[in-house]
Amino acid sequence: MYKRKDFKITQKQLEYVLDKEWKLFKTKILTNCFCHKCNLPGNSTVINYVIYVNYLNDIIFRGYCKKCGGPLARYTETGENEEINKRIASIV
């Protein structure tokens, strides 16, 4: 089975993909991350991130912890949403 590599997208493309869910996503998902270095579940924010879409059409943020500066990634399962899948297909 062919699996495409992670595809880098821009903030503007992410806003298009998430549409109405962008504001909720920005306030609830990006500010609720687990930092392995701080060891505080759901108490860190990912900053200076690069956004990727994987072969399942899930969104991955790779960046740094706002508190300690350590590496941090946030994985969100968006590939199950048909509308998001359609919008991702139009940019990938």
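This is a predicted model: local features need pLDDT of at least 70, side-chain atom pairs count only at pLDDT 80 or more; totals for chains, interfaces and linings use all residues.
The protein chain contains three helices and six strands. Along the sequence, these elements follow the pattern β-α-α-β-β-β-β-β-α. The C-alpha trace spans about 35 × 30 × 20 Å along its principal axes. The radius of gyration is 13 Å; this agrees with a compact globule, because 92 residues in such a form would give a value near 12 Å. Of the 92 residues, 34% count as buried. The accessible surface comes to about 6,100 Å², and carbon and sulfur atoms account for 53% of this area. Among contacts with a separation of 6 or more, 45% link residues 24 or more positions apart.

Four strands form an open sheet in the order E1-E4-E5-E6, with antiparallel pairing. Strand E1 (7-9) and strand E6 (71-76) are the edge strands, each pairing on one side only. Neighbouring strands of the sheet are turned by 30 degrees against each other on average, direction ignored. Strand E5 (residues 59-65) runs antiparallel to E6, and six bridges join the two. Ile60 stands opposite Tyr75 in E6.

The largest nonpolar core has 19 residues. Leu14, Leu18, Ile59 and Phe61 have the most contacts inside this core. Helix H1 (11-18), helix H2 (22-29), strand E2 (33-35), strand E4 (46-53), E5 and helix H3 (82-91) each supply at least two of its residues. Residues up to four places away in sequence aside, Phe61 touches Leu14, Phe25, Leu30, Val46, Tyr49, Val50, Ile51, Leu72, Ala73 and Arg74.

Key
Residues are numbered from 1 along each chain as its sequence is written. Side-chain values use heavy atoms; hydrogens and water are left out. Two strands pair if DSSP finds at least two bridges between them. Axes are lines fitted to C-alpha atoms, for helices over the stretch in contact, and angles run from 0 to 180 degrees between N-to-C directions. A nonpolar core is a set of buried Ala, Val, Leu, Ile, Met, Phe, Trp, Tyr and Cys residues joined through side-chain atoms within 4.5 Å. Buried means under 20% relative accessible area, exposed over 50%, partly exposed in between (1.4 Å probe, protein chains only). Contact means heavy atoms within 4.5 Å. The radius of gyration is taken over C-alpha atoms; the globule rule is 2.2 Å times the number of residues to the power 0.38. Accessible areas come from the Shrake-Rupley method with a 1.4 Å probe; for residues, only the protein chains shown count as cover.
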